Structures are given as C-alpha cells and as structure tokens.
Amino acid sequence: MLAKTPVNETSFLDELFDRGLLIETGVDGLYGRSGLFEAIGDGFQALVSRYGAADKAEVVRFPPAMARSVFEQSGYMKSFPQLAGTVHCFCGNPADHVSLLQTIEQKGDWTEGQKASDVVLTPAACYPLYPTAAKRGDLPAEGRLYDLLSYCFRHEPSKDPARQQFFRMREYVRMGTPDQVTEFRANWLERGQKLIGDLGLPFAVDVANDPFFGRTGKMLAVNQRDQRLKFELLIPIESEENPTACLSFNYHQDHFGKTFGLTSADGEVAHTACVGFGHERVILALLKHHGTDVARWPASVRSALGL
Ligand code: AMP
Ligand code: ZN
C-alpha cells in the first residue's frame, strides 16, 4: 500500500526557502535568488546558447519594462488584463506630498493619487522587440532572428514556486515568411526536447493555450489550440498531474506583423514565432528532480550545466 502524504508535509517552496535557494520577501511569487540558484541558471542559459549558436541570432536585451504606448498597441489588455502590471508614480506638488504622507501615516490608501507613468512591466520578453524591429524597415530575404532575455512580470501570486510574479524568460524570436517561421518553430520543438533530455528531466510536449481573459477569451483559447499555435514542454514540478510549462513554442501567424507594421522582403506582412524558456522553471525542475544538493546530481547533468 502507498504511504499517505502527511498533511503537514513541507512544501517544495518551504524547502527552497529553508535551503536559502529562494528568499522570502513577504509577497507570494516575489523572491530573491541565491548564488547557487543563479549559477544553475547561468549554466542553463549557456546550454541554450550552445543549442542556438549555429543560427547566429542577434542578441538584444531590454529592461523589464516597456513603453506604455507599445503595450497599448499590442492589445495585451484585451487578452490578459488580469496579468498586467503598470508603473504608477507620484506626480504632485508639495501640498500633495504633505497629504500623501498623512495618508500613509493614517494607513489610508496613499496609492490613489499615483499617476500612470509612460512605462509598464514587460509581460513577455518579446513584446518590446516588435516595434523596434519594424522600425528597421522590410526584413531581409532570410528574415531575422533575435535572442532575448528579460525579467517579466505577471500578476499571478501563488504558493507554487514555479508560478512567480517576476521571472526571467529567454526567447528566440523569428520573423519572416510563414515557411521560415514555422520551420524555426519545428526545429526548436526538436531541440528543446533534446536539451531537456540532456538535463535528465522527465517531460511531455503538448498543444496548449494562453490564459485569455473572460468569455471571448475562451473562444480565443479554443482557436489557438485548434490551430496548434502554441506547444509547451511540460515537466512535473509542483504536481505530477499538472506538469508545469517550462518551454513554450508559439506561432503568432501575422498577429504581431499586422499590429506593428512588420513586413517581409516582398512587402507582405511578416509572420513571427518565438520559443520561450522559463529560466526559473527549468532551475526549479532540476532542483525538484535531482535534489537540492547539486554535488549529488548526475555527472552528465552537471557537465551540461558546467557545474
Ligand atoms: P508564455 O508566454 O506563457 O508561454 O511563457 C513563456 C515561458 O515563461 C513559459 O514556458 C514558462 O516557462 C515561463 N513562465 C510563464 N509564466 C511564468 C510564471 N508565472 N513564473 C515563472 N515562469 C513563467
Ligand atoms: Zn515571445
């Protein structure tokens, strides 16, 4: 007979806190990371770079925020208003400041007077890229390929350590003709599985959908699945029954091309696709499956990560 899990079993999150791998901040999904956590992540990033090296992607890094104007143009608020994070600031005069301090003192809602700034938090590493790429004019005949890495924000507080509010996303983003873009995605679907295999992790690949908001969102999700526009590589982390998406393979068709005026060499609206690597999720999968003592990890895994 299988032993019953004791009700007070320490959660994976507690274990990560106890080991100092993640550091509590008092907010679910907002954590500090230890040197060891970062070293594992550096190894993972280098491994991704090795897998992608032959493609000679153009490296671009954005801060974890983007122009509010671009965010509005992207239509993010239509699809994922529940996840968005905006940056609001105090823009008042000295009298406003006095009343602000009084409100804080009285434990009132001092945030009411905050005004939206020109920046919002980046929800996915590729969002700031599209308008910048479009500004460069028509794509060359071979299209373009970018390499991105950014902290991203999503308002989804959770006790699941694999669902954080601030997390890093590495992405390769391909822009070009439908053929170029779908070939890129098919290629990374293969590579992604090989890469996760090198890390000795169990995984499954499945068709998926984004968490579109509301009733119209349900239809969008069904459509995304029917058209097989999103695949995920899933690894059990917090639960066996509901494995966690650690890599995503997205085909946007001409969505971003149309939205941001991105054109191919032939003047047609460009198609785009991206492969996203969940930095923290892969690290957590490694810690979950191989344990928190890295010295005891399989030699092949340590070697793949340069640890
Ligand atoms: P998505 O745009 O939702 O496909 O996200 C791209 C990748 O980012 C996913 O495959 C995950 O690995 C990672 N990711 C998404 N949301 C979170 C989150 N809340 N916490 C940590 N990683 C995440
Ligand atoms: Zn993307």
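Tutor: Let's start with a definition: a residue is exposed with over 50% relative accessible area, buried under 20%, and partly exposed in between (1.4 Å probe, protein chains only). This is a predicted model, where local features need pLDDT of at least 70, side-chain atom pairs count only at pLDDT 80 or more, and totals for chains, interfaces and linings use all residues. Residues are numbered from 1 along each chain as its sequence is written, chains are lettered from A and ligands numbered from 1 in the order in which they are written, and side-chain values use heavy atoms, leaving out hydrogens and water.

Student: Is Lys-159 buried or exposed?
Tutor: Exposed has a cut-off of over 50%. Lys-159 has a relative accessible area of 57%, so we call Lys-159 exposed.

Student: Which residue forms a salt bridge with Lys-159?
Tutor: For a salt bridge, a side-chain nitrogen of Lys or Arg must lie within 4 Å of a carboxyl oxygen of Asp or Glu. Here the closest N and O atoms are 3.1 Å apart, and the partner of Lys-159 is Asp-28.

Student: Where is the salt-bridge partner of Arg-33?
Tutor: Arg-33 meets Glu-280 in a salt bridge, at 3.0 Å from N to O. The two are 247 residues apart, with Arg-33 in strand S2 and Glu-280 in helix H10.

Student: Which residues are joined with Arg-33 into one network?
Tutor: Glu-38 and Arg-168 also meet in a salt bridge, at 2.7 Å. Glu-38 is in helix H2 and Arg-168 in strand S8. Salt bridges that share partners join Arg-33 with Glu-38, Arg-168 and Glu-280.

Student: How many salt bridges does the whole structure have?
Tutor: We've looked at some of them, including Lys-159 with Asp-28. Searching the whole structure gives a count of twelve.

Student: And how many disulfides does the structure hold?
Tutor: A disulfide is a pair of cysteine sulfur atoms within 2.5 Å. Take Cys-246: its closest cysteine sulfur, in Cys-152, is 15 Å away, which is too far for a bond. For the structure, the number of disulfides is zero.

Conventions. Helix = DSSP H or I, 4+ residues; strand = E, 2+ residues; numbered from the N terminus.
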